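Please keep the sequence and the 3D view at hand while reading.

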Amino acid sequence: MTPLEVHEGLSRACLMLTAVTGLWALWSGIRNQALSGSWMGTALVCELLLLAQLLVGSWLWFFTDWYLPRPYLHALYGIVVVISLPAAWGWLSRQQEERARSFGMAGGCVFIVFALLRSIQVA
């Protein structure tokens, strides 16, 4: 398996896991529940997958002759995707209402999904 195949596989895994995590947060908000510890663990796994994808992508960019039509835009989306989940949690953790926190994290996950899709488009 080549590093490019690993990067592509990680992108699909990140896309699916982030979508599921967002739907889970949305469901928690609809049911007026707090985000559970299981959700937090899933969000952590999602962030670790995003970091792994960033590391593999960085390795591809710096150490191979991998061609991208718009490499800087692809890298920008990659960086935005990695920092979005912790930034959303950092901002929403100050919210007193659990339902707002759940809906906010669902929105953050939707943003990440769209940024991942856009990153795949520009590659």
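Helices are taken here as DSSP runs of H or I with at least four residues, numbered from the N terminus. The model described below is predicted.

## The nonpolar core

The largest nonpolar core holds 21 residues, and the members that touch the most others are Leu-50, Met-105 and Leu-116. Helix H1 (3-30), helix H2 (37-63), H3 and helix H4 (98-122) each contribute at least two residues to this core, with the greatest contribution, seven residues, coming from H4.

Not counting residues up to four places away in sequence, Ser-102 touches Ala-25, Ser-28, Gly-29, Gln-33, Ala-34 and Leu-35.

Ser-84 belongs to helix H3, which covers residues 71-92, and its relative accessibility of 14% is why Ser-84 counts as buried. A polar atom of the Ser-84 side chain lies 2.5 Å from the backbone oxygen of Val-80. With residues up to four places away in sequence set aside, Ser-84 touches Phe-111 and Ile-112.

## The salt bridge in H4

The structure contains one salt bridge, in which the side chains of Arg-101 and Glu-98 meet at 3.5 Å, N to O. Because Arg-101 and Glu-98 are three residues apart in helix H4, about one helical turn separates them.

Leu-23, Leu-26, Trp-27, Ile-30 and Phe-103 make a nonpolar surface patch of about 490 Å². The largest share of this patch is supplied by H1, with four residues. One of the patch residues, Leu-23, lies in helix H1, and with a relative accessible area of 57%, which is over 50%, Leu-23 is exposed.

## From H1 to H2

Asn-32 is located in the loop between H1 and H2, where its relative accessibility of 53% is the reason that Asn-32 counts as exposed. The backbone at Asn-32 has a phi value near 60°, which is positive although the residue is not glycine.

Met-40 is found in helix H2, and with a relative accessible area of 31% this residue is partly exposed. Looking back along the chain, Met-40 and Thr-21 are 19 residues apart, and their C-alpha atoms are separated by 9.3 Å.

## The loop between H2 and H3

Which residues does Pro-69 touch, not counting residues up to four places away in sequence? Pro-69, placed in the loop between H2 and H3, touches Val-122 and Ala-123. Computed along the sequence, Pro-69 and Val-122 are 53 residues apart, while in space the separation from C-alpha to C-alpha is 7.4 Å.

Arg-70 is found in the loop between H2 and H3 as well, and at 41% relative accessibility Arg-70 counts as partly exposed. With residues up to four places away in sequence again left out, Arg-70 touches Gln-121 and Val-122, so that Val-122 is a contact of both Pro-69 and Arg-70, contact here meaning heavy atoms within 4.5 Å. Arg-70 and Leu-26 are 44 residues apart in sequence, and their C-alpha atoms are 34 Å apart in space; Leu-26 is one of the residues that make the nonpolar surface patch.

Technical notes:
Residues numbered from 1 in each chain as written. Predicted model: local features only at pLDDT ≥ 70, side-chain atom pairs only at ≥ 80, totals over all residues. Heavy atoms only, no water. Buried < 20%, exposed > 50% of the residue type's maximum accessible area, 1.4 Å probe, protein only. Polar contact = N/O pair within 3.5 Å; in protein donor to acceptor, adjacent residues only side chain to side chain. Core = buried A, V, L, I, M, F, W, Y, C linked by side-chain atoms within 4.5 Å. Patch = residues over 30% accessible without salt bridge, like charges linked within 9 Å, V, L, I, M, F, W, Y side chains within 5 Å. Areas by Shrake-Rupley, 256 points an atom, 1.4 Å probe, with all protein chains shown as cover. Salt bridge = Lys/Arg side-chain N within 4 Å of Asp/Glu carboxyl O.
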